[in-house]
Amino acid sequence: MDDEKSSSSFSMGKSAQERGLPYVPECYFDSMDVATVPTIDFGRLKQGPDERKLVIEEIRTACRQLGFFQIVNHGICQTVLDEALLSASEFFNLPGSEKAKFMSNDVHNPVRYGTSLKDGLDTIQFWRAFLKHYAHPLADWIKYWPNNPSNYRETMGKYSSEVKKLNTEITETITESLGIGPNYISKKMEDGMQVITVNCYPPCPNPEIALGLPPHSDYSCLTIVLQSCPGLEIMHTGDSKWKQVPQLHGALQVHVGDHFEVLSNGLYKSVVHRATLNRDRTRISIVSLHSLGLEEKMGTAKELVSEENPGRYKKSSFKDFLNFLANNDLAEGKSFINTLKVDEKQ
């Protein structure tokens, strides 16, 4: 069984999770509390200026304290959510030969299927499979998405469009909460990147010693997550402990990403999170990552920089992150946001 311990033994399409091994190879090892997560009723934003002001303050507190919150009454109907999760599940249930059509280790590829992070290249393997595809402008990209299952493009396209609109609303509330106004970057975000990552975390025989994804923060401005069951854990800033995000039916999870940390000059922190596993059931998550255009740089808002509070971050783009990902192993603790921090001693 020694040959199973090397990550190089898991070639594309032959990862341990896809082969259904009855044990966890050592290269998957990772050696709980429930988080108290703010739940924001997004419908209250339309209940008059006084109620909107209260919601904006709740969002400000959540972004400062956790970099994370859940939203309800977000305007996306439950049928759209359920059908997107079902289509995702049906895709991962397809024969390996069908999924292999999209297999790629090139992180710059706009549509790709894989396992772990980068198949065969990771020092530590992760117990997941994923399908990643660009989603905006939808008309430009949807023709490259899987057409098996036959309704995948329709159901995932509908969800992508709805969550893209929701992202604009959330972005406006976050920049308003920073005191720089709701329209500060809304147009750039509307014209920017949307990447959908559909994750499948199969049942794991030893979930206590493996992970679906390593600890990381998202490169994005904003990440919106739909999950089928619990499994997401966040690093709680108060006590630096891992805590599981509770499942709330119909809710969507909102992550502050690295680029919003940069925009806010560190006032808001991108949330560090990881994906855990379950012995008995498969977890599906649909992750919608939103950022500026591929090569457009995000910098700190000049309104949030002063002599007493100098800029703490370099500018960067989504393309800069892809280059970082291509050349670094996230499992080794490499962090994109750390490469953006300005050395205060300089």
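Select Tyr152 first: this residue is buried, with a relative accessible area of 1% (buried means under 20% relative accessible area, exposed over 50%, partly exposed in between, with a 1.4 Å probe and protein chains only). The model is predicted, so local features need pLDDT of at least 70 and side-chain atom pairs count only at pLDDT 80 or more, while totals for chains, interfaces and linings use all residues. Residues are numbered from 1 along each chain as its sequence is written, and side-chain values use heavy atoms, with hydrogens and water left out.

The structure holds 12 aromatic pairs. Another is Phe91 with Tyr113, edge-to-face at 6.1 Å centre to centre and 70 degrees between the planes. Phe91 belongs to helix α3 and Tyr113 to strand β4, 22 residues apart (helices are DSSP runs of H or I with at least four residues, strands runs of E with at least two, numbered from the N terminus).

Next, select helix α3, residues 78–92, which lies across β4, β5, β6, β8, β11 and β13 and runs at about 110 degrees to β13. Contact here means heavy atoms within 4.5 Å; axes are lines fitted to C-alpha atoms, for helices over the stretch in contact, and angles run from 0 to 180 degrees between N-to-C directions.

Now display the open sheet of eight strands, ordered β2-β3-β11-β8-β13-β6-β5-β4 with mixed pairing (two strands pair if DSSP finds at least two bridges between them). At its edges stand β2 (39–41) and β4 (111–115), each with a single partner strand, so one side of each is left without a neighbour in the sheet. Within the sheet, β8 (residues 222–227) and β13 (residues 283–291) pair in the antiparallel sense over six bridges. Leu222 stands opposite His290 in β13.

Finally, select helix α2 and colour Val55, Ile56, Ile59, Ala62 and Cys63, its buried residues. These pack against β2, β3, α6 and β11. On the other side of α2, Asp50, Lys53 and Gln65 are exposed. The stop after α2 is Gly67, whose phi is positive, near 70 degrees.

How values were computed
Rings of Phe, Tyr and Trp (its six-membered ring) pair if their centres lie within 6.5 Å; planes under 30 degrees apart count as stacked, over 60 as edge-to-face and the rest as tilted.
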